[in-house]
Amino acid sequence: MSDLLERLRGRGWRMTAQRRVVAEVLEGEHVHLTADEVHARAVVQLPEISRATVYNTLGEMVSLGEVIEVSTDRRAKRYDPNAHRPHQHLVCGGCGAIRDVHPSGNPLADLPAEERFGFTVSDVEVTYRGLCPNCSAAA
């Protein structure tokens, strides 16, 4: 059973066939799919699953804190099942590929007090941008 499925079952989330398929599609490393990509992959396993069901299921998973919505640019939101291990994202400016990265250090500590403008900072999101090896080779 996948890690995401185990976490959802552990929360007592009723596991319908549609929810199970969406969770299975999101399984793996560096998974950052759009809702339409999730739907396209889910239809292969469960042809009757609707786009609305996929969107609703993803919304529920985000509300539960088991999936993260990732917006790295003006493109569609992506869904990241790596919700319980702190990480940042590395994004290719060419093809849009996203990878989870785990840099050492504390980015919150890197913000000097005079740059906080009196804010009590509780969270940091860092996005690294560049070109993946395929896009670098093509350039």
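Visitor: Which residues of helix 2 are buried?

Guide: In soluble globular proteins, nonpolar side chains tend to be buried together. In helix 2 (residues 17-25), the buried residues are Arg 19, Val 21, Val 22, Ala 23 and Val 25, where buried means under 20% relative accessible area, exposed over 50% and partly exposed in between, with a 1.4 Å probe and protein chains only. Helices (H or I, at least four residues) and strands (E, at least two) are DSSP runs numbered from the N terminus. This is a predicted model, in which local features need pLDDT of at least 70 and side-chain atom pairs count only at pLDDT 80 or more, while totals for chains, interfaces and linings use all residues. Residues are numbered from 1 along each chain as its sequence is written, and side-chain values use heavy atoms, with hydrogens and water left out.

Visitor: What do the buried residues of helix 2 pack against?

Guide: They pack against helix 1 (3-10), strand 1 (33-34), helix 3 (35-45) and helix 4 (51-64), a contact being heavy atoms within 4.5 Å.

Visitor: How many residues has the largest nonpolar core?

Guide: A nonpolar core is a set of buried Ala, Val, Leu, Ile, Met, Phe, Trp, Tyr and Cys residues joined through side-chain atoms within 4.5 Å. The largest has 21 residues, and those with the most contacts inside it are Leu 4, Val 22, Leu 26, Val 38, Leu 58 and Met 61. Helix 1, helix 2, helix 3 and helix 4 each supply at least two residues of this core, and the largest share, four residues, comes from helix 2. Leaving aside neighbours within four places in sequence, Met 61 is in contact with residues including Leu 4, Trp 13, Arg 19, Val 22 and Val 67.

Visitor: What is the strand order in the open sheet of three strands?

Guide: Two strands pair if DSSP finds at least two bridges between them. The order here is 1-3-2, with antiparallel pairing, and the edge strands are strand 1 and strand 2, each pairing on one side only. Three bridges join strand 2 to strand 3 (residues 78-80), and Arg 78 in strand 3 is the bridge partner of Val 70.

Visitor: How many bridges join strand 4 to strand 5, and how many join strand 4 to strand 6?

Guide: Four bridges join strand 4 to strand 5, which run antiparallel, and four join strand 4 to strand 6, which run parallel. The bridge partner of Gln 88 is Val 101 in strand 5, whereas that of Val 91 is Arg 129 in strand 6. Strand 4 is mostly covered, with four of its five residues buried. Strand 4 and strand 5 form a hairpin with five residues between them, and Gly 96 in the turn has a positive phi of about 85 degrees.

Visitor: What is the phi of Phe 117, and where does Phe 117 lie?

Guide: Most residues other than glycine have a negative phi. Phe 117, although not a glycine, has a positive phi of about 50 degrees; its place is in the loop between strand 5 (98-101) and strand 6 (127-130). Phe 117 counts as exposed because its relative accessibility is 64%.

Visitor: Which class of residue is found how many times in the lining of the largest pocket?

Guide: By class, this lining has nine nonpolar, nine polar and four charged residues, where Ala, Val, Leu, Ile, Met, Phe, Trp, Tyr, Cys and Pro count as nonpolar, Asp, Glu, Lys and Arg as charged, and the others, Gly among them, as polar. A pocket is an open set of points on a 1 Å grid over the protein atoms alone, where a 1.4 Å probe fits, with protein on both sides within 12 Å along at least five of seven lines, and lining residues have an atom within 4 Å of a point.
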